[in-house]
Structure formats: C-alpha cells, structure tokens
Amino acid sequence: MQRQASMGSPLHRVSLGDPWSRHMHPDIASERCTPSFNVERLTNILDGGIEKTALRRHVENIISGDPEFSLKNIYFLSQNEHFEAAIRKKVHLQKLAWKLGWPEDGEEFKYAYRAVSGELALNIHTIFKKSIRSLGSEEQIAKWTPLCERFQITATYAQTELGHGTYLQGLETEATYDAATQEFVLHSPTITATKWWPGDLGRAATHALVQAQLICSGVRQGMHAFIVPIRSLQDHSPLPGVTVGDIGPKMDFEQTDNGFLQLDHVRVPRENMLSRFAQVLPDGTYIKLGTAQSNYLSMVVARVELIGGEINFLLKKACVIATRYSVIRRQSRLRPSDPEAKILDYQTQQQKLFVPLAWAYAFHFLANELLDFLNSSHDDILNRDFSLLPELHALSAGMKAMGSDFCAQGTEICRRACGGHGYSKLSGLPSLVTKVTGSCTYEGENTVLYLQVARFLVKSYQQVQGAPGSTLHSALARSVAYLAEPGLARCPAQKAADFLQPELYTKAWAHVATRLIKSSMHRLQTLMQSGADWQEAWNQTTVVHVQAAKAHCFYVTVRTFTGALENLEQEPEIWRALKCLCDLHALHGILTHSGDFLHDGFLSGAQIEEVRTAYLDLLLLIRKDAILLTDAFDFTDHCLNSALGCYDGNVYERLFHWAQKSPTNTQGNPAYEKYLRPLLQSWSSKL
Amino acid sequence: MNPDLRRERASASFNPELLTHILDGSPENTQRRREIENLILKDPDFQHEDMNFLSRSQRYEVAVRKSATMVKKMRDFDIADPDEIMWFKKLHMINFVEPVGLNYSMFITTLLNQGTTAQQEKWLQRSQELQIIGTYAQTEMGHGTHLRGLETTATYDPETQEFILNSPTVTSIKWWPGGLGKTSNYAIVLAQLITKGKCYGLHAFITPLREIGTHKPFPGITVGDIGPKFGYDEMDNGYLKLDNYRIPRENMLMKYAQVKPDGTYVKPVSNKLTYGTMVFVRSFLVGEAARSLSKACTIAIRYSAVRHQSEIKPGEPEPQILDFQTQQYKLFPLLATAYAFRFVGEYIKETYHRINEEIGQGDLSELPELHALTAGLKAFTSWTTNAAIEACRMACGGHGYSHCSGLPNLYVNFTPTCTFEGENTVMMLQTARFLMKSYDQVHSGKLVCGMVSYLNDLPSQRIQPQQVAVWPAVVDISSPESLTEAYKLRAARLVEIAAKNLQTEVIHRKSKEVAWNLTSVDLVRASEAHCHYVVVKLFSEKLLKIQEKSIQAVLRSLCLLYSLYGISQHAGDFLQGSIMTESQVIQVNQRIKELLTVIRPDAIALVDAFDFKDVSLGSVLGRYDGNVYENLFEWAKKSPLNKTEVHESYYKHLKPLQSKL
C-alpha cells in the first residue's frame, strides 16, 4: 500500500515528511489527476536524460536525509550565524563527497548545490580553480589544482575594486616587477583601489587571485592575474601588508563573506603570475601569447554557468511556489453562486504567472545551447584559436544580461502575485528575489554588457554591409546570420492563429532586431558625418544601441526555444504544452514592444489586436497544465523551503506552524519590559 | 565636500531653496519643518544607531524605544498639528516602521470615523495618550482584499449582552496587522456580525488583547509575531486567533450600524461611509510613493555624480557616470516621475480634505470618483515607484546591493505598498469598474464629469462614426497641454476598447462575472492609461501655478520628459490609435535625448531641493557631502563578521578540514 502510494505520486520523495505532507490538498490534487502529458518524461528531458534524473534524485535524497543540511531555521538566522552555517554545510558536504568518491567537477556537486538551495560558503574557491585552468600554464595548473581540491588552501578571485567595476582597464591595483628579486610587488595605491566584493575574501580565503595592472620595466602592460597569499596557513591571521575583512550586510548572500582587500607592497614570486597568455621573463621582458580577449575567457565561462546553474533556478523555484499557492488560495467569486475561486483562474493572475513560467523554459533551453557552444569551443580557445571567442563573448554577455533582467523581474512578479504572504520570508520568495536581483550587477553590469553586444552587432552588420550578396556570409556568426537574410517588409499573418507559427514570429523578431541594429548604425554614422568623433557619437547613441541589443537577445531566446521544440517532435504531448509557452513568450514580447513592430508598418494595428487575442487565448490553454509544468522542474520541498510552495498544497497550516517557531515568539519580549511598560505607566503616574 | 558635487551645485540654473519652498507649500512650512528636524538632530536622546548591523529582535527593540521616546518628546515639544507630527516622524522613524504606528493611523482614525460619541469618550483619550495601544485587525491568513470573504465571526448573545468572537478555521486567523505580534494590548477586529441567526456582514469590534500591567494575552486569545519578512524588520506584524472570546455589546463600533440589546440589527444609512478610512490611507500612500522615489533618486543621482568609470574619450580622465547617456536615460525619467508624483500626492491630499468636508455636510456625490481615483493612483504610483527604486538601486551597480547604499531597505520597505491596503491589480479593477460605469452612462446619453469627462467626447458617442477625422491629429511635442491631450486620447481609446470587449464577452458568456474576468487584462490596461493621463494632466497644470521663472523652466523640462518618456515606452498605443505618427515617435525619442542634456546640469540641484537630511536617507552613497568611499570603508569595518580578526568558523570548520589530509 505504502509502496504503491509512493510510486503513484512523487509526494513521498519530495515532501518534508512533516504532519501535513500525509494529506494532499484536494485543490492541488485535482490539478494533477488528468495530466495532458507525462510529467516524469518532461523532467527527464529537462535533466538531460533518465540517468541524470536518477543521479540527481540520488544526491537529493542524501542531502534531504542528512540533518546537517537542514534549512529549517535559515530564515531566522543573523548574518553571522548564516555565514557559519554555510561554512559548516560546505565542509560537511566536502567530507561526504570524499567519502562517497564524487568526482571533482562532477554532476554530483551541481546537484548537491541545488539540493541545499545554494546555502554553501566557499563558492568562489571553485572559480579560482577554474581561472587557474583557463589562465594558468600547465605547471601552474599542476601545482595549484591539488592544493585547492584538498582544501589545503581556500582561495578567491579578486577583481572588482571599491571605485571600479565592470571597466577592467580602470582598475588601479598595481603589480610592479622587481627584476632584482624576481618578484612582483602588489600594491593598492588609493582607497578606491581597495578590492571590494569578492566572495569568500572577507573571512575564509587564504589566497586570492588578484587582477592587477602589470608594470614591467616602467611600462604598463594592462590587467594580469596574480596568486597572492593573504592569510597565514598556520593561524589564519592576515599576512604582513594585507588588510582584509568583510564588507558588511547586503541584500542577500549572507552565506558569503564578500570582502575587502588592501595590499601594501606585498611581494609574490614571479611564478605567481598566471602565464598561459602572457609571461614575464626573469629579466623583466614581457611576452604576449594571446589576444586581449583571452583574459575574458574565465568571465565567459562564469556567465554561461551562471544562467543555467543559478539565475534560472531561482526563477523556476519562484514559479513553482507562486503557481502552487495560486491553486490553493481562493478569493472572490467568479459567479455569484460558486464558492470563492482559485486565484489562478483569474486572467490577471494567469498573465502575471505564465509569462515568467515561459521565460523559465526559454532560459532553460537557452542555457543548454550556450553550454554546448561553450563546451565545443572551449578547447579551441585554450589552444589559442580565438575565432569563435567574439561570438561566444557577445552571446554570453547578452544572455547574462537578459537572463538576469528577466529572471529578476519574473521572480519579483511571482513574489508580488502571492499578495501579502509573498512578503513573508517563510514563503521563500523574498530570498529568491534578493538573490536573483544581485545578478543584474555582478559578473558584469547589465547595461555595460548590452553595449558589448551592441558593439558585436555593429561589427557584424558592417560585415554584411561590406559584402552584399557575396559568399562572405559564411564568416558571419551563427547568432547574427539573420542580418544577411532577406526579410519581408510586412508580416503576412491574417488572423490570430497565424501568430502561433514559430517561423512567423521568429521572423518578426528577426525583422525588428535587424531594423533596430540598422537604425542605431545609421544614427552613429550620421553623428560621425556631422563631425563628432567615434567615442562621442557612440555615447550619444548608446540608448538606441542598448535597445537594438535587447531586441537581438530577445530574438535569440525565441529562436533557441523554437529550435528546442523541433527536437521534441517525438513527444507530441510535451511538445504541445511547451509550444504554448514558446508562443506566449514571443507574443508577450511583441505586445510589450508593439511600438517597434508598428513603427515601419511591419505589423498593422489590426494585426496587433490579433496578437493580443492569440496571447489571451494561450493563457487559458496553459492554465490546465500550469501545475504540471512547474512540477516537472522536480524541486524537493526541502530545497524550495517555502511554506507556500510545498508539493502537497497545505499552505496555511504550515505557515502558522512555521511562524510560531520564529525567535520573536520563542524568546520573550524584552522590549515590553524595557520600554512599553514604562510608557504605558507614564500617564497613570501623572494622573 | 566632494569637488564634483561642489562643481555641480555651483553651476545649477536655479536656486534649489526656492523649489524646496514649493515642495513644502510655502517658505514658512520649510522653515518650520527644519525647526522640527533640528529638534531631533540636536537631541542626544535621538542618537541614531545603524539598524543594518542589528538582528531582527534588536531592531524591534530599537523601534519600540524610538516610539516611546517620540511620544514623550512630542509632548515636551508640544507638537500636535498633523503636518508637524508627520515632519517629526518622517525624520525620526524614517520608514514609518513603527510598532505603535497603527494605534494612530488606524485604531484612532477608525474610532473617530465609526465610533459613537460615548465610545470616543471611553477610548479616544486613553489611546491618544498611549494608556492603551491599539491596532487594526482585518486581513486573515486566507483572505485579503476581498473583504466579504473574511471568516472571523462575532455572534451576539442577548442573554449576557456580549459578542462572542471566533476564528473558526486556520484560514480565519488574523494575519499581518502591524504591532499586533508583541506591542498592542487592544485591536479593532473586523468580523462577520451574526445576530438572531443572521449574518449582517463585516463590522468593527474593539477587542482587548492583553492584560494591562502584565501584558499577558487574555484567555481565548492566541497572539504572536508572524516571523521574518522581506522588510519591516522593526515591525511585529502579528497573528491573532480568537476562541469563544467575549466582549461587551458596547465594544461594537456603532456610529452607523447598531445592535440593540435584544439583538435587533439597525442598518447604516450608507455603506459607502466606511470607505472613508481606506480612501484616506490610500491617498496618503500616493504621497509616500513620491517620497520614497525622491529618496531613491537623491541617492542614485548624487552617487552617479561622484562615481567615475570607464572612458568616453581615450586618454581623458574617467568621466562621472552621470555623463553617460544610458545612465541619464535610466535616472532622469525617474526624477521627473518623482516630481510628478509629488504634485499628484499634493492634489489628492487637497481633494480628500475638500470632499471630506462635503461628506460632513451630507454630500456624497463625489465619493465614488474619489474612491476610484485613489484606488487607481495608489496602484499606479506604487507599481511605478516599486520598479523605479529597483532601477535606482541597479543604477548604483554593485554598491547598490550593499545595505550601505540604503536602497535595499528603501525597496523592501516600500514594496508592500503594492499589496497592502488593497492589492494593486484589484485596485486597478475597481478603477476600471468606475470607468465602465462612466462609459455606460455616456453611452446612455448622460454626461459625466470630473477626470473622466473625456469620455463625453468619444467619437463613437457622436452621431457620425468618423473615428480618425474627429480627433485632433497633430500633437505638439513641446507643449505639455498638447501632450496631456494625447494621453487623454489614449485613455479614451483604451477605455473604449475594454468596454467593447467586455460587451462582446457578455454576449458570449452566461455570466457577467466570467465576462469581466476574461476582459480583466484589458480593463487593467484601461485603468493604467486613465491614471497615466491624470498624472500628466496634474503635472502640466502645476506648471501654471509656478511664478519663479527659473523654477518653472526646469520643471517644464521635467514635465516634458515625463510625458514624452511615457509615450516612448507605450509607443504602440499612440501609433495604433493614430494619436501620433511614426515620424512623431522618432521626434519624441530624439527630444527625450535632448532633454537629458538639458536636465543634466541641474540634476544635483533637483535632488538637493527634496531637502532630505543624511540621517533620513540612511545611505553612504547618497551623502550630501559626497564623501562616499572613505565612509563606505568605515561603515564596512563595523560589520558583525569583522568583530574578531579570525572568524570562529575557521577554528570550528576550516582548520579541521585542512588538516584532514
């Protein structure tokens, strides 16, 4: 009986095992009783195969069965307690991984990170290791990787400074080569040169990979990376010349000790400069082995992994929580005779929640494609073949910007769609919002990233212009190939149903992107012809360039989503459900930017109204699959850690119970004794 | 002072002091406000600690202490005028997160609006003097904006002449009221009144919660704090469960509806009157949106003048980030919005007081429009402000994410405005209901007045359906009046589309409610367009009232920027409605960029004119003197993680791991 129950529904596997998870709330059970597609199959597709689903669940079971990984009190912790808990979990996980023989960089770590909801410290340690692999020579990799893997050192990556962020050339930290001792002297010349923000730096790291201006024989050679020991391996105290600490409370990421670092003429040996792409010989001769862009490789890798491995997870979780809550929460009546309706049956609620759900799927497929692209070009780049790097760089920058923009918006929409309860930390939503919103400025500020995409688009467009009709298009990067394709001047759609053709709306987006790129180019050229120099003209046109870059990125997400659908044709039910989301994503974009589509008459006002009709009809189609589409992400209740979003739908009992555990209820009321009682009595004494 | 800011201030085209006077209402108001602020700034009892480094329980404790100090000081300073109390609180409490705040804003207000003279005599003075601390318990765990769905019951027992209060289900537990968790000893509880076996809907009951002297909850009362939230750390939002809890008959607020000793129910004259409190609170929230947005703009714009980054021309020093077009495009439309909302808030406040007087004289005719207008504007301004604060935070890059910027706090404390006192989508739909009624009224041949009078001019209401020809074709994009017309046409068009779609759905569906639901996305769009029009109209009308030429010039640029930016963002609506042509939209976009450079030299003066004290901004990035980096470093050193040179987690966890191999 028990066995049957656990096979029939994933309840047993994903639940918290608290008193409420024994009974499924009928309002959520009814959403699952006649599924229009096989949810388990979709989960397998999202995971990348049945075996991967199995491995993920295996890791999740280990995590949720181990009390060391409990997230129960996480919302009640102070910054200090939170940080310590994250260090404890990380150390416990590492020991466990050694015991179980998990491979370094294996999928297991990824799944474990997901299962503990990212509540781990020392995450930049891994970035350090990866950076060494990207930027270090073979000897450096051989020396430092084992030290990292055995945790004999704990390391961080220090780039951003107090006064300087995304613009790398502006960094002030200096590394001056001293040929007499064959050492680099690392120094923070001003207060704005203080390294600021690196994770793990504040309290945990013993070593930092410091980005600094290399100065050789009096000549500045630009940014290079140096391994700098900052804390004693004996007693963890800061080394001489090193001032280091935590930068204080933030919107989130309390589990991470983001830190500051000032270096006062700290010396490191010559071998500590990472030398895959540049070397300094003992006599101080500087040798360049790569292009300027090669330094960006580690950032590209970080951004690509960020989209699928972090940002989109947060949005997916928010969708799960808000959608589940919306079938439990009832409010007002749709008909006077009916009971109060599930709020998910309101059109306005559907519009709020289904668009972010569509984004979550769009970015899922996008992240996969980017990862494939990265994996296929990574080795070439390491072997100093940089031909694919510009496109990879532009794509990763653009998709990081758009992904973080949209995921941050979507997560916040989901939070607010839960009304007052979305404001409670116990819903899990506030911390998803505060985590995801950080990604709009870390790993490259979004506007700066969009402008990097725009520069790539300008170059690509010049390529097209330079060779009209010639065969040179083969050189055009795949993601901008549409720039050279002949387009239509008017959209041929005649009725709402025509707008449900992926080819049609993909072309519509290609049309708008092309037009905006052309027009921003034109603006730039006009300004330059009227006497402005390139830089001035560029600054005067950045707003339109950002607009063009955004349209291009939107096009890429639509094209990738439709491409992913083409691979699902053997799964007609799943294809049908996901196609609605793909359509919704594309059409919602057209409606929110209707001005751009109307502008040159590509769409007429009447066509926009047909788009609106098609869009509103999609909401009703998605409604019946909404719970299933969120179930398919297969988050355990443990990792959702939400009183509103549990699989069983027992929202209110859990919320009441969790609230009673708050320290404000269990630790008495000193404020009453100290301040309220005297206040309440101050009048009686006067009377 | 930071040299960049000094230079900015020296080169402004107007004197910010004069603009401050306009924002305060008069030079005398500015002077009095500053006097009051100086009382606080100079008084050692108001020593201000940085809440960012405290735990939630500590923050609550500090807030209670501040409340207590404030009550005593206001007595000492003899501050009793409502505006003066506001100025006092704005500086002292900063975010209005005040555990005893609801005693004043809701408990006393409701007692005044709905209590009989006898009831006011009994409780008013005691609550004003804080002998009792009251709160207002309406929202339940399972029920929010839809009031009729509330489940708490108050059943009258004629034998003892008492009401029996009950929370019959988990979902009926009162949830969210501020000050309920730990602070209050009284609450006004909203409950379904049942007498003689019949339910008469929601009524308000004065309910004692805790024993005076011990502060212990009475038997039958389960009360506590609902736990950690996104923001409002200092507030003990609470839960309340009532189990057969008896209160005397006299505790029902009976100015309008009554229950006689024998249990007979006497109906109120008009049920609209209970909307009064809500209208008041919502109109107040419009002003709060303006204030929060002004703060965010002050922080982001000052920081953008201090921060240098990147290069515009090679070889030149790094420019202020405020010189980048993208940064101006992010921030200046928001600055214009802050000014727009300031003037809207002022207008609503005046209108509320005017209409309230009329109501006092028995004239309820303007109440429906006021109710619809405040609902819509509360939603419109809070949604816009919510996104705008976040945009200001992101415009500060990484440092915006640190609590040192003050922006995360500003955001998390503002964002509940979108859901409390009426969830925004529900508010927009209430406005839409009014718009649909007005549309129907015009359709049936009666003229409407007030802000919706544009519906009288709809082409479809005329005999000849010559849509395009009747509408004025040429919008002058440098005239605020002409732009107001354009917004009016957009609103009229979207109201009409929603009305027609609603009619079509009503024909196809059996029930009006289903039709309403299937049109609700269109309805919300129509309400937004209506509100947007109202804001543009009020801003452009404000310009006419300003005498000082230099001020009028700069406000005119802001008004144009606000209006044109909205057109650019909703270009589709203006193109689709043939209100503007493609080439006009191109001109609009061009003009916006020109306006950015016009406003640029005055940006700092425009935020200085808001006249926020550094204490009230709570931001290292937004300091008046601009000395950001030194103070950022000093601030960080105070982080709790920095208390010891080596953190305890090293000894406990990291060292054992390192020596494991």
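This note sets out points on the two chains of a predicted model and on the interface between them.

1. Extent of the interface. The size of an interface is often given as the accessible area lost when the parts come together. For chain A and chain B, the area buried between them is about 11300 Å². Carbon and sulfur atoms account for 61% of that area.

2. Polar and charged links across the interface. The count of residue pairs in polar contact between chain A and chain B is 56, with both residues at pLDDT 80 or more. Four salt bridges are found across the interface of the two chains. One of the residue pairs joined by a salt bridge is Glu445(A) with Lys330(B), whose closest N and O atoms are 3.1 Å apart.

3. Make-up of the chain A side.

4. Fold and dimensions of chain A. Chain A contains 24 helices and 13 strands. Its radius of gyration is 27 Å, close to the 26 Å that the globule rule gives for 687 residues, so chain A is as compact as a globular protein of that length. Along the principal axes, the C-alpha atoms of chain A fill a box of roughly 90 × 80 × 65 Å.

5. Burial and contacts in chain A. Of the 687 residues in chain A, 63% count as buried. Among contacts in chain A with a separation of 6 or more, 74% link residues 24 or more positions apart.

6. Fold and dimensions of chain B. The secondary structure of chain B consists of 23 helices and 11 strands. The radius of gyration of chain B is 27 Å, which agrees with the value near 26 Å that a compact globule of 661 residues would have. The box filled by the C-alpha atoms of chain B, taken along the principal axes, is roughly 90 × 85 × 65 Å.

7. Burial and contacts in chain B. Buried residues make up 62% of the 661 residues of chain B. Of the contacts in chain B with a separation of 6 or more, 72% are between residues 24 or more positions apart.

Technical notes:
Residues are numbered from 1 along each chain as its sequence is written. Chains are lettered from A and ligands numbered from 1 in the order in which they are written. This is a predicted model: local features need pLDDT of at least 70, side-chain atom pairs count only at pLDDT 80 or more; totals for chains, interfaces and linings use all residues. Side-chain values use heavy atoms; hydrogens and water are left out. Buried area is the accessible area (1.4 Å probe) that two parts lose on being put together, summed over both. A salt bridge is a side-chain nitrogen of Lys or Arg within 4 Å of a carboxyl oxygen of Asp or Glu. A polar contact is a pair of N or O atoms within 3.5 Å; within protein, one must be able to donate a hydrogen and the other to accept it, and residues adjacent in sequence count only if both atoms are side-chain atoms. Helices (H or I, at least four residues) and strands (E, at least two) are DSSP runs, numbered from the N terminus. The radius of gyration is taken over C-alpha atoms; the globule rule is 2.2 Å times the number of residues to the power 0.38. Buried means under 20% relative accessible area, exposed over 50%, partly exposed in between (1.4 Å probe, protein chains only). Contact means heavy atoms within 4.5 Å.
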